[in-house]
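Subject: Structure handover

Hi,

Here is the structure I promised you. Please open it and keep it on screen while you read. My notes follow below.

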Amino acid sequence: PGPKYWQQKADYEINVEIDDVKQRIIGAEPVTYFNQSPDPLTYLWMQLDENEHQAKSDKQLFNSSKMREQMSASELQAIAGFTEDAGVKIAKITTENGTPLRYTINQTMMRIELPKILQPGERFRYKVEWSYNITDRMVRGGRGGYEYFPEDGNDLYTMSQWYPRLCVYSDFQGWQNHQFAGSGEFALTFGNFKVAITVPADHVVLATGEGQNYQQVLSAAQLARWQKAQTSKEVTEIV
């Protein structure tokens, strides 16, 4: 990058909960978007990646299929199309003062209209409240979803691309506004994340980032293992 290079920034404060009975994820996220470009912006684009599972998404329309002499029920269902209520449900989008914002959803993309022009060097804070039904990853495919283990009656949740997130606004193409089809990846806007995850008491959460409340959520044995790992890490770094 040269001396005129810039990149946008988006900070998230996400509160999310897993409903293990209804197999739903419910979230709310205040977002602060920093316009560090030289361009005035009148709208924002966000990705709703989970909408790839909707019946009319591009992913469901352009994937090829073929019939074999023997096929499983899930394979036949994939060809026939899925009918369950999938995709992100937006409860509301508001400014930090609670004023509703207009938005348009086009499959896996959502355009949010700004109440006024966001000038270079300015920032805009807003809040998105959303939810969606978690799909069976073993049937629907994709990285995100649940996997049921009948021997103990438990579900393993593998959550990826799960929160509404800012698209990249770059110096070479403007807004990234291509549909997400699950077969590729997009770059994302850099920023800071503060995430609170609420799950049933018998669940263990694995995630990137630095935990802030291990004393409250880990068992004594788990906490001891974590502390031992931290000590080993510190010794390695010193050496």
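Contact here means heavy atoms within 4.5 Å. Keep in mind that this is a predicted model.

**Threonine 108**

Start with threonine 108. It lies in the loop between β5 (103-106) and β6 (109-118). Which residues does threonine 108 touch, not counting those up to four places away in sequence? They are Met46, Gln47, Leu48, Asp49, Asn51, Glu52, Gln179 and Phe180.

Two of these neighbours come up again. The side chain of threonine 108 makes a polar contact with the side chain of glutamine 179, at 2.7 Å. The side chain of threonine 108 also reaches the backbone nitrogen of phenylalanine 180, at 2.8 Å.

Is threonine 108 buried or exposed? Its relative accessibility is 1%. The cut-off for buried is under 20%, so threonine 108 counts as buried.

**The hairpin and its sheet**

Now look at the strands on either side of that loop. β5 and β6 pair in the antiparallel sense, over four bridges. The hairpin of β5 and β6 has two residues between the strands. In this hairpin, glutamine 107 takes a positive phi near 55°.

Four strands form it, in the order β5-β6-β3-β10, and the pairing is antiparallel. Which strands stand at the edges? They are β5 and β10. Each has a single partner strand, so one side of each is left without a neighbour in the sheet.

Next, follow β6 to β3. Strand β3 covers residues 41-47. Six bridges join β3 to β6, and the two run antiparallel. Leucine 41 stands opposite leucine 118 in β6. For tyrosine 43, the bridge partner in β6 is glutamate 113.

As you trace these strands, remember a general rule. In a regular strand, side chains alternate between the two faces of the sheet.

Glutamine 23 sits in the loop between β1 (9-19) and β2 (24-34). It is not a glycine, yet its phi is positive, about 55°. Glutamine 23 is buried, with a relative accessible area of 18%.

Glutamine 161 is in the loop between β9 (154-158) and β10 (165-166). Its phi is near 50°, again a positive value in a residue other than glycine. At 14% relative accessibility, glutamine 161 counts as buried.

Best wishes

Note on methods
Residues are numbered from 1 along each chain as its sequence is written. This is a predicted model: local features need pLDDT of at least 70, side-chain atom pairs count only at pLDDT 80 or more; totals for chains, interfaces and linings use all residues. Side-chain values use heavy atoms; hydrogens and water are left out. Buried means under 20% relative accessible area, exposed over 50%, partly exposed in between (1.4 Å probe, protein chains only). A polar contact is a pair of N or O atoms within 3.5 Å; within protein, one must be able to donate a hydrogen and the other to accept it, and residues adjacent in sequence count only if both atoms are side-chain atoms. Two strands pair if DSSP finds at least two bridges between them.
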